[in-house]
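Please find below some notes on the model under review.

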Amino acid sequence: MARPDQKLLDELRQLRDQINHHSRLYYVEDNPSISDAEYDRLFDRLLQIEKQYPQLVTPDSPSQRVGATPSKKFEPLPHRIPMLSLQKVTSFEEFIEFDRRVKEGLETTEEVEYITEPKLDGLAVELVYENGMLVRGSTRGDGVTGENITPNLRTIRSIPLRLSDSCSSKYPLLEVRGEVIMRRPDFERLNEALIAQNQAPLANTRNGAAGSLRQLNPSVTASRPLIFYAYGISDTDLEGLDRQSAAVDLLRKEGFRINDRTRLVRGSGQVEERFKALAGDRERLDYEIDGMVVKVDRFDSQIMLGQISRAPRWAVAWKFAAEQAETVLEDVIFSVGRTGVITPVARLKPVRVSGVTVSNASLHNEDELRRLDARIGDTVIVQRAGDVIPEVVDIVPGKRPGEATQVVFPSKCPSCGTKIVRPEGEAAHRCLNMACPAQLEGRLIHFAAKGGLDIDGLGDKLARQLIKANLVKDPSDLFYLEKDQLLPLDLMADKKASNLIEAINRSRQTELPKVIYALGVVGVGEAAARLLAEHFVSFEKLEKTSLDELTHIDGIGPVIAANIFEYFRNEGNRVMLDRMRRGGLALPNYQRTGGTGVLGGKTFVITGTLSKPRNHFKNLIEQEGGKVAGSVSAKTDYLLAGVDAGSKLDKAKKLGIAIIDEDQFKQLLA
Ligand SMILES: [Zn+2]
């Protein structure tokens, strides 16, 4: 084996330090100081050396983040100190009761210091650092024993592989706890990609995080956008760490991401203020939270309070108003989507969940149906998270009636009777019959939906009628409908028929992104449709594009690119598009200044160090209708440059793009 010389060893050490430094700036602080290309160059050099001298690969090398060899199953890994679960409260009155018990336990009348933090909706994990090195990582599991997912956790960039020397000499064993989450935009992109690959989408961001983390092949995990937020350590008797807030400070210093809404407060009044503030922020966050965790700050107080069964007496989860409710499962029907996926849908006894009456909820797929073992007559727990479709998350076994009947997944398409298949490696069952009425109905509804051509009044009932009456075989037929053809339909009064014809007329004049979305190309949601419109500006250019051009559009992955390309090569689609044009559908060019805010249609690039994290500015820009791009190009309108701006600044100068600082940015907003 070749022997490395000292010079190479020095270079290797420097490379690793540099890469770790820049990774931290990028993944933890959202504030990179070098370009992606420069970062890649460092990384490539590291891989090159390690390939030449495999004996120099260490477990903390940044190269280990790309994913190790797949494993057959996850080994159980006991926690040295159990990961407890939290008691829950749902109102201020209940919190006051908790606070009273804390004071009683501490034999004090003084206000207690609490740490408050958002309750992240992801997967709880524990990371074990020995002598500063990340040696093991596991899921929470049942709190006593988790699953060993060390190689997968190593791939998450916001998890340090090594701690500082001063930290590791002081704490040779440090167990860090936190939550792995997936941000909502990342989750949506992932789902679009899964759909484009004909795989079943994930149900919610929690499934997104858990499903991505619990992959037997760590390189799959490495490809998923996961974030780790640390929220504490397992020990309460480490020297120099006498409080939760001190532990959090240490973790922050060691390069962990700490949620920026974590606060130290005093007394129940301040806790309530934080809860209200967090509830108000909730919609604006780009990740899911379901409440606030409140912990007694002092460790000696925690020890004094102790625990009851598996829950500590010193912490509580204050949940947002019930997003879950119990109700009865009355039936399960199987619905066929526009791409042929068969989804079991729960028919529920109507129930209010966070202000909305829910009578249908998704059961996702056969695996989920089996996992729940939900039977007709069961009492089930329904959940609504944000604007996600309500789902059945659990059943209440104790309330199962004697005559509860099992649900059987059908073998034939409930719409057309074709034998359904479950493709290899997929969670979904499909009807592969392109002429299946249910699929046609789905395509028609998608076409007429708000994000599409926005044809008022064309809902599922009418779509079904039109198909049944043979008036519509594909969406282009809509443009040839006449009022007289509609009148014989059930419940179709003269007025209603006129309204529909009028709505179809209006839809002939629309915007380019809406037309693209309406076509229903698999994987092309509203965001992708907008990207395509921005890029091609005219529909004709999109139609005639090459696969190569499509794959080079920022934000369009290779699978979606292929779907789009194939769509326009398909003879049936070409005929349909032609019929739409002849039927009067206008295909206008894209108007760049479509945004509504003061920055509508403007593209920004952010660089250098600013007074706040980049996401702060990104959110402001997007709220005002602007867009943030990753690199400077001729399409950039403004470069927002902070201190120490690098290559992006040079490029912007070269291209003559307006360069503004924070003050000028504020003026733009005003
Ligand atoms: Zn079918």
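1. The centres of domain 2 and domain 3, taken over C-alpha atoms, are 29 Å apart. Domain 2 covers 87-319 and domain 3 covers 324-399, with bounds from an automatic or database domain assignment.

2. This is a predicted model, in which local features need pLDDT of at least 70, side-chain atom pairs count only at pLDDT 80 or more, and totals for chains, interfaces and linings use all residues. Residues are numbered from 1 along each chain as its sequence is written, and side-chain values use heavy atoms, with hydrogens and water left out.

3. An open sheet of mixed pairing has five strands in the order β2-β13-β10-β3-β9. Strands are DSSP runs of E with at least two residues, helices are runs of H or I with at least four, both numbered from the N terminus; two strands pair if DSSP finds at least two bridges between them. Because β2 (87-89) and β9 (263-266) each have a single partner strand, one side of each lacks a neighbour in the sheet.

4. Helix α10 (residues 267-281) lies across β3, β9, β10 and β13, at about 140° to β9. Contact means heavy atoms within 4.5 Å; axes are lines fitted to C-alpha atoms, for helices over the stretch in contact, with angles from 0 to 180 degrees between N-to-C directions.

5. Strands β10 (residues 289-296) and β13 (residues 315-319) run antiparallel and are joined by five bridges. V293 has A317 of β13 as its bridge partner.
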